[in-house]
Amino acid sequence: MKIFNAAVHFFYKHITKRILFLINPEIVHARATAIGKSLGQSPLAKKILALAFSRKNLALSQTIFGISFFSPIGLAAGFDYKAELTQILPALGFGFGSIGTLTNQACQGNFGPMLGRLPRSKSLMVNKGFKNSGVEATLQTLQNKSFAYPVGVSIGKTNTAGIKTQQEAVNDVALGFIKAEASGVPFAYYELNISCPNLMGSIEFYQPTHLEELLAAVQSLNMLRPIFIKMPITKTDQEVIKMMDVIIKYSCIKAVIFGNLQNNRQNPVLQSDEVKKFPVGNFSGLPCQQRSDELIALVFKKYGTRIKIIGCGGVFCTSDAYRKIKLGAHLVQLITGLVYEGPQLVSQINDELALMLSKDGYQNISQAVGIEA
Ligand SMILES: Cc1cc2nc3c(=O)[nH]c(=O)nc-3n(C[C@H](O)[C@H](O)[C@H](O)COP(=O)(O)O)c2cc1C
């Protein structure tokens, strides 16, 4: 199967990607998710893909927050914002996946372009601004569905100039959760996205008092599903620690995700000629990698077992994922790696991670968490 993955990788890198990268990325994304959706509706296609890409390995499976993850590699929020891929991604080896970010009210998103490519920076420009049909309408499409892996719902503040005060923003996010709870869809966890850098207005939840107000409101909803907070990577260590000191007071928050997009256009990994093509938006992929790693290590060292960490940002290969795990992450998410490396990436990481763990003398991935923090 190593050979099969290598062949798919070769074909993707040298043929498919070259063709796809000639086409508008928003069109490619729409087509790719449409294909993924229809494959997910075919039991035969799912079986064939699972045979090719999804090998369960006990060394990779963990039960965390009462949820079973057969692989530590998941899809980060943003790629499947219409909730169309939940039926197909487990067959590609994904161990979990987040839908959204969804908001209380439907959002048109920002003015385009919403998506761009920076191939030499190994990055994507993202300026989606929470384009989505709203929590209710999106989750309606998952009625009567069951899931072969843990599905998460990412919730954020509606991206509208109509929300003017912190209190209105808190109420809006709380309503998003209330609607998701009422949906009856058997998803496994929530993400609370407080760190999207593409939103209009000046509302933010980074100041400890603002974060406190938001988390108090969310905690008061008494939801049973665990909540993971999607954190920014653009704050200083001190600012992150101040936020963490608030977060660990709230028992509903079970994990922090490090983290969201890079908004620093001077990031050394970003090639300036590529950045100049995009006057708007923020950046995924390689420009997120180092800060994500640093914050995983920082929070693991300071908070240890008091909260779990999910690593996200710039995972393109097995060693990128393993490094985040060894720095303190129990789980890892990705999007950009899939676009640059191909649909076999997660399967490849799963296979290679199992080998690396055994070479390092670990029986289960949880034993490697934080050993290099
Ligand atoms: C096209 C795209 C859309 C995204 N939209 C969201 C979103 O709606 N909510 C969110 O929490 N993060 C969003 N993100 C950020 C990703 O979840 C992730 O944090 C970031 O891209 C770093 O991971 P990566 O380097 O593996 O892509 C988006 C990223 C991309 C590439």
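Residues are numbered from 1 along each chain as its sequence is written. Because the model is predicted, local features need pLDDT of at least 70 and side-chain atom pairs count only at pLDDT 80 or more, whereas totals for chains, interfaces and linings use all residues.

Begin by selecting residues 60-355, which an unreviewed UniProt entry annotates as "domain: Dihydroorotate dehydrogenase catalytic"; UniProt positions are given here in the numbering of the model, feature names are shortened, and annotations may be inferred rather than shown by experiment. Over this stretch the chain is 32% helix and 20% strand, and the end C-alpha atoms lie 10 Å apart. Helices (H or I, at least four residues) and strands (E, at least two) are DSSP runs, numbered from the N terminus.

Next, colour the strands β3, β4, β7, β8, β9, β10, β12 and β13, which in that order close into a barrel of 8 strands with parallel pairing; two strands pair if DSSP finds at least two bridges between them. Neighbouring strands of this sheet are turned by 30° against each other on average, direction ignored. To see where β3 (residues 73-75) meets β13 (residues 331-334), look for the 3 bridges that join these parallel strands, and pick out Gly 74, whose bridge partner in β13 is Gln 333.

Then turn to the open sheet, in which 3 strands follow the order β5-β6-β11 with antiparallel pairing. Its edge strands, each pairing on one side only, are β5 (115-118) and β11 (282-283). Between β5 and β6 there are 4 bridges, and Leu 118 stands opposite Ser 123 in β6.

For the helices, select α5 (residues 166-182) and α6 (residues 208-219), which pack at an angle of about 30° with their axes 9 Å apart; axes are lines fitted to C-alpha atoms, for helices over the stretch in contact, and angles run from 0 to 180 degrees between N-to-C directions. Among the residues of α5 that meet α6 are Val 170, Val 173 and Phe 177, and the α6 side includes His 210, Leu 214 and Val 218, contact being counted when C-beta atoms, placed from the backbone, lie within 7 Å.

Finally, centre on the ligand, which 26 residues surround, the closest being Ala 76, Gly 78, Thr 101, Ser 284 and Thr 336; a residue is near the ligand if its C-beta atom, placed from the backbone, lies within 6 Å of it. Both β6 (123-126) and α11 (336-341) supply at least two residues of this shell.

Terms used:
Two residues are in contact if their C-beta atoms, placed from the backbone, lie within 7 Å.
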